[in-house]
Amino acid sequence: MTTLRSLLTPDKPDAPAPHLDRVSPLAAMPGGEIDVHGAHLEPRGTFVPRATIGDISAPLLLSRPTRATVRVPEGTITGDLILHRSGQASNPLNVRIAVPMAENLHPVANPAVDADGNVYATVSGARGQAVPVSVFQIQRDFQIRPFVREVMNVTGIAFGPDGYLYASSRAEGTVYRVSPDGVASTYAEGMGIATGIAFDGDGNLYVGDRSGTIFKISRGNIDGTSGEIFVYATLEPSIAAYHLAFNDAGTLFVTGPTTSSNQVIHAIDRDGNATVFYQGLGRAQGLAFDVDDNLYVAASLHGQRGIIRIDRHHQATLVVSGSNLVGLAFLEDGNAALATRDALYHVALDVEGRRLV
């Protein structure tokens, strides 16, 4: 325990150097916070520890004997975290930092990933705002090219079993089917304030209407037109958008941000019956599953914002620290694409995502 006397007493030459055991969470966005656990992390006399990640100085927000909190500065990349104090340096611990993939976007839900590993993200715009490019493609080498033009307020995007990109327009209540060369055609209309979309294992498409309805559109025809449309489930309205994802068992999981800090994730069975899967999140948004059926969601947990993992036993932990996250998509080799309100980031999580189509 640090006392006033110890703060006023110079550091002894033989004082042990800081020692780092582990960091949590697993990764962080620029601006996120990392907790460092170890020993001898507190100030010694007038010597206050300082932190570096790689060659960048990182602000130290908290310093106690067994725990310190470090904020990740902008421009930081994955590297070794070291605590320095009075000429001594701790052992290094590698920390994973998300790096930008694409900027000047406006995602409001998960990005989408095609069979070749290209990532797609939206420029959604304010309601009723027309933008020149609605969806961009970010290639594996991070090259960016316009993909879809002049579809208003694209919100949810997902690839169907036919390899086409499907996109909802919340302004029009329409779902569009987009060919591999970026040509959009109307797939289904009358979806209300259409937001999140997801395909089940049989190729049926589900669309969240922000006013409280989940629509099911049976698998489309060979000519690209939709099948039968009907109401699958009804939930309370959302202030922003519904976000949808399926697990391997075919259960549909849904978030709909509200002003509550005790928000729920709904689980909807094949018959359209909704139950509460988890309760206790703040502004839960985009979600995705890994191959082990763990659920990942952009949300706040106990005041900590980032990507939350909820395992099959309903235990929730923060795995990526960061603000302004709205969604995620798993990539190959254990990486993930993280969507903020204006950009996409890339981070290594060593997580294999569930195959979506």
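Reply:

**A serine and its surroundings**

The side chain of S238 reaches the backbone nitrogen of A241 at 3.2 Å, a polar contact (a pair of N or O atoms within 3.5 Å; within protein, one must be able to donate a hydrogen and the other to accept it, and residues adjacent in sequence count only if both atoms are side-chain atoms). The model is predicted: local features need pLDDT of at least 70, side-chain atom pairs count only at pLDDT 80 or more, and totals for chains, interfaces and linings use all residues. Residues are numbered from 1 along each chain as its sequence is written, and side-chain values use heavy atoms, with hydrogens and water left out.

S238 lies in the loop between β23 (229-234) and β24 (243-246); strands are DSSP runs of E, at least two residues, numbered from the N terminus. S238 counts as buried because its relative accessibility is 9%; buried means under 20% relative accessible area, exposed over 50%, partly exposed in between (1.4 Å probe, protein chains only). Apart from neighbours within four places in sequence, S238 has contacts (heavy atoms within 4.5 Å) with R210, G256 and P257. Of these, G256 is 18 residues from S238 along the chain, yet their C-alpha atoms are separated by 5.0 Å.

Now the backbone spots. Most residues other than glycine have a negative phi, and most peptide bonds are trans. S24 and P25 are joined by a cis peptide bond, with omega about 0°, and P25 sits in the loop between β1 (19-24) and β2 (27-28). D293, not a glycine, has a positive phi of about 70°; at 22% relative accessibility, D293 is partly exposed.

Note on methods. Helices (H or I, at least four residues) and strands (E, at least two) are DSSP runs, numbered from the N terminus.
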